[in-house]
Amino acid sequence: MLIKYTVKSPAESASSLNLVAIDDEILSVSAIATQTSTAESFYVEGEISLPGHFQRFYLLGCSECNHLVRSKIKREIQCINCRLSRMLIPRCHFEVEITDETGTITATMSEGLGERILSMTAEQIYDITGVKNELFPAAHNNQLLADKLFRVQLQWSSSRTPDKNAGSLVLLSYTEKPTMFLPEDSTSVSGADRIMEEEPILVTDAKATKKQKREPSTLPKRLRYG
Ligand SMILES: [Zn+2]
């Protein structure tokens, strides 16, 4: 299903996909609100950026069970899940905005997926915003993400995290879409080239016929004078 859609042009898929419901259906951002199921994931194609508001880009969780704790600094806790004394470790966690031609939505990215798109480990993020208490270089990341198109897999979350209520969107996966040339453009260009090639041939033919016609008339003249 995915391969089928990457071959299609964006204009083609946008119109046909609104009519056909398939597993890998690509929704427009404006259509996400109508997707109420928390059991199924869906796809959106758009640009990913970091929102302007302040974020720490990490949450702290139990080193053993990953139970998230509302804390800004690493410390030892009595995990209510493991019921044991555990050290907190940073987990990458932040909000992104996904924008297509219909609008913008906010989703959360976390763990390895978040680390991958930021090119940073959770420990590095914690060092910047948690230890040094500096602002995360969001503008730099937005520059790197600018003008890139992503196919993003999203799902409504039913679970709660310390900074989010239930009912938020979670980014499950993302792939960068390669910049491609539209097939319509390439055919029209080659078609125009063919006409351009044919025309000069017709022009030279006409000139050649004129020359041929003139020469027999000048030859007898020259013969007459000579
Ligand atoms: Zn635990």
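**Exercise 1.** In which sense do strand E5 and E6 pair, and over how many bridges?

*Solution.* The structure is a predicted model.
Step 1. Strand E5 covers residues 76-78. E5 and E6 pair in the antiparallel sense, over 3 bridges.
Step 2. A residue pair illustrates this: isoleucine 77 has arginine 86 in E6 as its bridge partner.
Step 3. The hairpin of E5 and E6 has 6 residues between the strands. In this hairpin, arginine 83 takes a positive phi near 60 degrees.

**Exercise 2.** Describe how E6 is joined to strands E2, E3 and E7.

*Solution.* 
Step 1. Strand E2 (residues 42-49) is joined to strand E6 (residues 85-100) by 3 bridges, and the two run antiparallel. Within this pairing, isoleucine 48 has isoleucine 98 in E6 as its bridge partner.
Step 2. Strand E3 (residues 58-62) also runs antiparallel to E6, with 5 bridges between them. Here leucine 60 stands opposite proline 90 in E6.
Step 3. Strand E7 (residues 103-110) is joined to E6 by 8 bridges, again antiparallel. Glutamate 97 has threonine 106 in E7 as its bridge partner. The hairpin that E6 and E7 form has 2 residues between the strands.

**Exercise 3.** Identify the elements that supply the largest nonpolar core, and locate valine 152 within its surroundings.

*Solution.* 
Step 1. The largest nonpolar core has 31 residues. Among those with the most contacts inside it are Tyr58, Val96 and Val152.
Step 2. At least two residues of this core come from each of E2, E3, E6, E7, helix H3 (111-118), helix H4 (122-131), strand E8 (149-156) and strand E9 (169-177). E6 provides the largest share, 5 residues.
Step 3. Leaving aside neighbours within four places in sequence, valine 152 is in contact with Tyr43, Val44, Gly46, Ile48, Ile98, Leu171 and Tyr174.

**Exercise 4.** Explain why helix H5 lies largely in the open.

*Solution.* 
Step 1. Helix H5 comprises 8 residues, 138-145.
Step 2. The number of these that are buried is 0, so H5 lies largely in the open.
Step 3. Just after H5, aspartate 147 takes a positive phi of about 65 degrees.

Definitions and conventions
Residues numbered from 1 in each chain as written. Predicted model: local features only at pLDDT ≥ 70, side-chain atom pairs only at ≥ 80, totals over all residues. Buried ≥ 20, exposed ≤ 12 C-beta atoms within 10 Å, placed from the backbone. Helix = DSSP H or I, 4+ residues; strand = E, 2+ residues; numbered from the N terminus. Pairing = 2+ DSSP bridges. Core = buried A, V, L, I, M, F, W, Y, C linked by C-beta atoms within 7 Å. Contact = placed C-beta atoms within 7 Å.
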